[in-house]
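Me: I am new to reading protein models. Could you take me through one, feature by feature?

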Amino acid sequence: MPTRREQHAALVDRLICALRPANATLIRSSVIPWASATFAGERHIFNFSVAGIAASSHVESLAKDLGDMEFDLPGHLVADIMMSDVFEGQSFTTMTVEALTVDIA
């Protein structure tokens, strides 16, 4: 089963792949343990910068496809994922993606 850090890195890799061919850079990220009465997992927060004149269209495409994306995280399930913040500059777009993973093993 992947560690919390490996799981977080796998999510980053999948999101950056989904943004290709855009020039996406991870600005900052965090992972916080999470639990409910019946489940345990982590809340992941990613801040990305996407450069170039087509940046906003790449971000819009990701936002549209985010809920249907598949993630390979053995022992874990992505229970929820969403884009929570977007800022469009002249030659870049920044965005925040939040994901909730749940331990299933």
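Reply: Start with one residue. Glu42 counts as buried, because its relative accessibility is 6%. Buried means under 20% relative accessible area, exposed means over 50%, and partly exposed lies in between (1.4 Å probe, protein chains only). A word on the source: this is a predicted model, where local features need pLDDT of at least 70, side-chain atom pairs count only at pLDDT 80 or more, and totals for chains, interfaces and linings use all residues. Residues are numbered from 1 along each chain as its sequence is written, and side-chain values use heavy atoms, with hydrogens and water left out.

Me: Where does Glu42 lie?

Reply: Glu42 is in strand β2. Helices (H or I, at least four residues) and strands (E, at least two) are DSSP runs, numbered from the N terminus.

Me: Which residues is Glu42 in contact with?

Reply: Contact means heavy atoms within 4.5 Å. Leaving aside neighbours within four places in sequence, the contacts of Glu42 include Arg4, Trp34, His76 and Leu100. Gln7 is also one of them.

Me: With which side chain does the side chain of Glu42 make a polar contact?

Reply: First, the rule. A polar contact is a pair of N or O atoms within 3.5 Å; within protein, one must be able to donate a hydrogen and the other to accept it, and residues adjacent in sequence count only if both atoms are side-chain atoms. Here the partner is the side chain of Gln7, at 3.2 Å.

Me: Now Arg28. Is Arg28 buried or exposed?

Reply: Arg28 counts as exposed, because its relative accessibility is 53%. Arg28 is found in strand β1. Not counting residues up to four places away in sequence, Arg28 touches Ile45, Phe46 and Asn47. Now compare sequence with space. Arg28 and Thr94 are 66 residues apart in sequence and 11 Å apart in space, C-alpha to C-alpha.

Me: How many helices and strands are there in the protein chain?

Reply: The protein chain has 2 helices and 4 strands. Along the sequence they follow the pattern α-β-β-α-β-β. The radius of gyration is 14 Å, close to the 13 Å that the globule rule gives for 105 residues, so the protein chain is as compact as a globular protein of that length. That radius is taken over C-alpha atoms, and the globule rule is 2.2 Å times the number of residues to the power 0.38.

Me: What holds the strands of a sheet together?

Reply: Strands of a sheet pair through backbone hydrogen bonds, either parallel or antiparallel. Two strands count as paired if DSSP finds at least two bridges between them. In this model, 4 strands form an open sheet in the order β1-β2-β4-β3, and the pairing is antiparallel.

Me: Which strands stand at the edges?

Reply: Those are β1 (23-35) and β3. Each has a single partner strand, so one side of each is left without a neighbour in the sheet. On average, neighbouring strands of this sheet are turned by 15 degrees against each other, direction ignored. Axes are lines fitted to C-alpha atoms, for helices over the stretch in contact, and angles run from 0 to 180 degrees between N-to-C directions.

Me: How many bridges join β2 and β4?

Reply: β2 and β4 pair over 11 bridges, in the antiparallel sense. Phe46 stands opposite Val97 in β4. α1 packs on the sheet and touches β1, β2, β3 and β4. The direction of α1 makes about 35 degrees with that of β2.

Me: And β3 with β4?

Reply: They form a hairpin, with 3 residues between β3 and β4. Their antiparallel pairing runs over 11 bridges. Val78 has Thr101 in β4 as its bridge partner.

Me: Which residues of the largest nonpolar core touch the most other members?

Reply: A nonpolar core is a set of buried Ala, Val, Leu, Ile, Met, Phe, Trp, Tyr and Cys residues joined through side-chain atoms within 4.5 Å. The largest one has 22 residues, and Leu15, Val50, Leu66, Ile81 and Met95 touch the most other members. α1 gives the most to this core, with 4 residues. Ile81 touches Leu15, Leu66 and Phe71, among others, not counting residues up to four places away in sequence.
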